[in-house]
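Here is a short briefing for a reader meeting this structure for the first time. Look at the sequence and the model, then read on.

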Amino acid sequence: MRKEKKERRILVFTGAAALVAVGLNLLLSAINNRIKNSAKKGLPGSSVLVDLSASEISKLVDCIIAKSKETYDRVASIPLEKICYENVVAPFADLEAQQFPLIQSCVFQRMVSASVEVRNASLEAEKRLDAHFLLCRKREDVYRVIKALLDKGGRIKPDAKRYIQSLVKEMERHGVKLLPSNRIEMERLKSQIDELSLRYVENLNSGPKFLLLSEQELAGMPHEFIKDLENTNSKRKILLTNYHVTPILEHCKVGSTRKLVATAYGQRGGKENLHILKKLVQLRCKFAQLLGYPNYADFATELRMARSSAKVIQFLEEVSANLTDLAEGELNLLKDLKRKEEGDFPFGMHDLLYYMKRAEEENLSFDFDFGEVKHYFPVNIVLSGILKIYQDLFGLRFEQVTDAEVWHETVQLFSVHDCSTTELLGYFYLDIFSREGKYAHTCVVPLQNGCSTSDGTRKVSIALLLSQCPNEKDGNAALLRFTEVITLFHEFSHVVHHICSCATFSRFSGLQSDGDFVEMPSLLLENWCYESTSLKMLSGFHQDITKSITSEMCKSLKLRRDMFFGLKIKQEILLCLLDQIVHSREDIDMIELVKDLHPKVMMGIPLLEETNPASCFTRLAVGYESVCYSYIWSKVLADDIFASKFDDDLLNHHAGLQFRKKVLAPGGAKDTLEIISEYLGREPSINHFFESKRSSV
């Protein structure tokens with residue numbers, strides 16, 4: 001009788017499994033039909049699905065997870081004596097190539113869909129997929145097979161070997177080599193780290209919210225600013241947020257007010273956050289040491305261009321030292337301005353923004369009004385200029401696809417072809433106009449990675465540019481602030497970077513590259529936003545678009561960017577060094593560290609009393625720990641390339657084409673330092689980072 005019940009259970013189970021398999025196959029078939037229909041509508045090579053319902057998202061996630069598990073199980077079952085590229089690497093490479101656009105089809109909807117139900121389903125899909133792939137990276141049986149193939153060696157292409165090494169390293173960094181007891185400890189540490197990171201942010205937001213100041217204490221503030229402040233007992237409520245603090249530090253003539261506001265802002269988080277951060281750093285160190293690293297900073301930098309914490313600290317100190325002469329000259333100018341306005345009072349951190357602003361007003365060649373500048377940047381003119389500049393520079397042709405399926409009527413789709421070969425390189429969606437429920441920031445989302453598959457076909461790259469540009473209203477042109485122009489130009493560089501990838505493997509495609517490298521092309525291209533030739537291509541007066549921005553305005557925009565470059569970067573270096581040093585040691589007194597570090601980096605400017613940047617520097621706690629330096633690293637590389645290749649000829653088509661093919665195309669398939677060195681014909685140098693800025697003041 002027991003045997004009969006057992007057999008029934010098996011039959012029920014296998015029957016259910018068969019039904020699930022049939023259901024998944026039917027769903028796969030439906031998905032493939034949707035993809036084929038998309039190709040018929042003019043999107044050959046695209047596997048992206050842009051209009052999934054909430055239920056379709058959920059079902060597609062089931063399918064992705066089932067297919068992934070099937071592939072991992074199959075690879076894990078291969079006897080070690082029979083492993084080869086075809087049965088280990090090819091299945092994983094194909095899985096990543098096929099599933100990436102399907103995964104993105106599920107998760108990008110949370111950022112764009114007008115339906116709350118679809119956005120919620122998309123968010124849940126992201127959580128489920130993240131949890132599944134995290135488990136995949138921890139599979140010891142799969143790791144054993146991949147590692148055996150790597151150890152086996154043999155004749156294999158360099159990018160394939162790099163791919164295998166990437167798989168192995170990824171799994172090792174997720175603890176696959178650890179003993180079971182150490183894996184449990186690792187998970188415990190991760191949980192504690194996440195909890196403390198959240199406490200740091202919550203504590204930062206739970207302190208004093210505002211100050212009450214009289215209008216006399218706010219002397220110098222624009223009338224519009226004062227008018228918008230809440231009035232409480234004849235005093236104005238100043239919120240301790242950037243929205244209020246930065247304007248006061250820039251415009252308030254009362255030094256004591258600036259100091260009061262800067263001090264209150266710098267005291268956020270207080271001693272409690274210093275205590276939390278100390279625990280966080282200790283836990284991160286233990287986490288890294290479990291995985292065999294001496295400290296957390298070495299763990300975090302291992303996969304970046306820097307490769308080690310020591311290299312990062314050396315880099316930051318070298319940049320800081322080279323900036324000192326420039327920054328001291330800038331500081332002396334500010335001190336002179338303060339002496340003229342306030343007398344012989346000591347210069348403090350609270351004075352920096354105010355006297356930078358005063359110096360700008362004295363040095364800019366005309367009465368600089370950003371409100372006036374804005375009139376030269378209608379959204380459509382800016383977008384047209386961006387497309388033209390990138391086409392001309394990189395040898396590309398953009399064509400709008402008018403009958404494509406999109407998720408909102410304002411979304412545009414463009415195909416991208418190589419000008420000389422007419423080869424289709426990919427597509428990009430522009431979803432740039434503001435609407436309710438949409439992601440609030442400007443960013444680029446890769447939807448499909450350009451890569452090859454084992455059957456010889458190639459998937460093209462597809463990207464989405466999201467923004468919140470204003471819509472045209474009552475026949476009036478929608479205008480962009482200059483900072484918004486820069487942001488749009490910067491982000492479109494990520495689109496081009498992604499589209500131009502020629503990588504074989506999906507995980508090395510386009511934006512899937514080194515963290516110290518991925519921002520470099522965009523920081524390089526930002527230079528075009530400050531040069532008269534390209535600015536005139538991006539602009540047109542809203543009432544007469546034939547009138548571009550004036551040469552005088554162009555000069556002032558560039559001068560404003562470069563003024564006090566040394567002091568601005570010194571402040572960033574201070575925070576980056578703080579981040580790197582605390583994460584490169586097991587235990588450190590943060591109060592004493594900042595007391596020592598601050599005057600050295602900031603050339604004697606004293607720290608504001610009872611403040612410590614470690615208590616209110618969110619990047620130390622969440623998302624950027626040990627890698628805050630990356631922006632400066634990328635900026636140094638970008639300035640070197642600009643000065644060497646484009647400074648004398650901004651629209652140098654040959655240099656642009658070489659940059660596209662030698663720097664953008666490889667993605668993560670080659671060592672990024674090697675890529676840049678080959679393009680420059682030498683190793684990168686920090687010298688160009690300072691040269692163009694020395695005469696800015």
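This is a predicted model: local features need pLDDT of at least 70, side-chain atom pairs count only at pLDDT 80 or more; totals for chains, interfaces and linings use all residues.

Residues are numbered from 1 along each chain as its sequence is written, and side-chain values use heavy atoms, with hydrogens and water left out.

**Nonpolar cores**

- The largest nonpolar core has 159 residues. A core here is a set of buried Ala, Val, Leu, Ile, Met, Phe, Trp, Tyr and Cys residues joined through side-chain atoms within 4.5 Å. Buried means under 20% relative accessible area, exposed over 50%, and partly exposed in between (1.4 Å probe, protein chains only).
- L334, F377, F492, W528, F646 and F659 touch the most other members of that core.
- F492 touches I386, L387, Y390, F398, F428 and L465, leaving aside residues up to four places away in sequence. Contact means heavy atoms within 4.5 Å.
- A second, separate core holds 45 residues, among them V61, C63, A148 and A160.

**Helix α15**

- Helix α15 covers residues 352–363. Helices (H or I, at least four residues) and strands (E, at least two) are DSSP runs, numbered from the N terminus.
- Its buried residues are L352, Y354, Y355, M356, K357, R358, A359 and E360.
- The cover over these buried residues includes α10 (242–251), α11 (255–266), α14 (309–342), α21 (551–562) and α22 (565–582).

**Salt bridges**

- The structure holds 46 salt bridges. Each is a side-chain nitrogen of Lys or Arg within 4 Å of a carboxyl oxygen of Asp or Glu.
- E70 and R74 form one, at 3.6 Å from N to O. They are four residues apart in helix α2 (residues 54–76), so about one helical turn separates them.
- E70 is partly exposed, at 43% relative accessibility. R74 is partly exposed too, at 40%.
- R110 pairs with E126, with the closest N and O atoms 2.9 Å apart. This pair links distant parts of the chain: R110 is in helix α4 (residues 109–112) and E126 in helix α5 (residues 116–136), 16 residues apart.
- R183 pairs with E140, with the closest N and O atoms 3.0 Å apart. R183 lies in helix α8 (residues 180–206) and E140 in helix α6 (residues 140–152), so the pair ties together parts 43 residues apart in sequence.
- K69, D73, R139 and D141 are linked in a network of salt bridges.

**Surface**

- L239 lies in strand β3 (residues 235–239). L239 counts as partly exposed because its relative accessibility is 33%.

Conventions:
The expected span of a helix is 1.5 Å times one less than its number of residues.
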